[in-house]
Amino acid sequence: MPPILDPAKCTGCGTCAEICNSDIFVFDRRNDAMPQVKYPEECWHCESCVLDCPSGAIRLRLPLSYSLLYTDASIFHSRKEVR
């Protein structure tokens, strides 16, 4: 299932298209107001676009098989490394 972009929150910065390692987004700064999901079946559900979107305009819908094993990646972002 592809990422969902919220047009009300999207600023058209293109960060999602730049950061996506599966290249599922298409974004042309000259012609597009916001990125488009061109290859939804290629999404790995890695959440890099969700975590790096500065306006919080992206969310993921996880397939049921993924949901059973899902761990919210944001918990790793907020942890402090203990040495």
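Leucine 60 lies in strand S4, which spans residues 58-60. The model is predicted. With a relative accessible area of 17%, leucine 60 is buried, because the cut-off for buried is under 20%. Beyond its neighbours within four places in sequence, leucine 60 contacts Pro3, Cys43, His45, Glu47 and Val50.

Next, the nonpolar core. The largest one has 13 residues. Leu5, Cys16, Ile24, Phe25, Cys49 and Ile58 have the most contacts inside it. Leucine 5 touches Phe25, Met34, Pro35, Val37, Ala57 and Ile58, with residues up to four places away in sequence left out. In soluble globular proteins, nonpolar side chains tend to be buried together.

Now the backbone. Most residues other than glycine have a negative phi. Aspartate 23 has a positive phi and is not a glycine. Histidine 45 also is not a glycine, and its phi is positive.

| Residue | Phi | Loop between | Relative accessibility |
|---|---|---|---|
| Histidine 45 | about 60° | strand S3 (36-37) and helix H2 (48-52) | 12% |

Histidine 45 counts as buried because its 12% is under 20%. Histidine 45 is also among the contacts of leucine 60.

How values were computed: Residues numbered from 1 in each chain as written. Predicted model: local features only at pLDDT ≥ 70, side-chain atom pairs only at ≥ 80, totals over all residues. Heavy atoms only, no water. Core = buried A, V, L, I, M, F, W, Y, C linked by side-chain atoms within 4.5 Å. Buried < 20%, exposed > 50% of the residue type's maximum accessible area, 1.4 Å probe, protein only. Contact = heavy atoms within 4.5 Å. Helix = DSSP H or I, 4+ residues; strand = E, 2+ residues; numbered from the N terminus.
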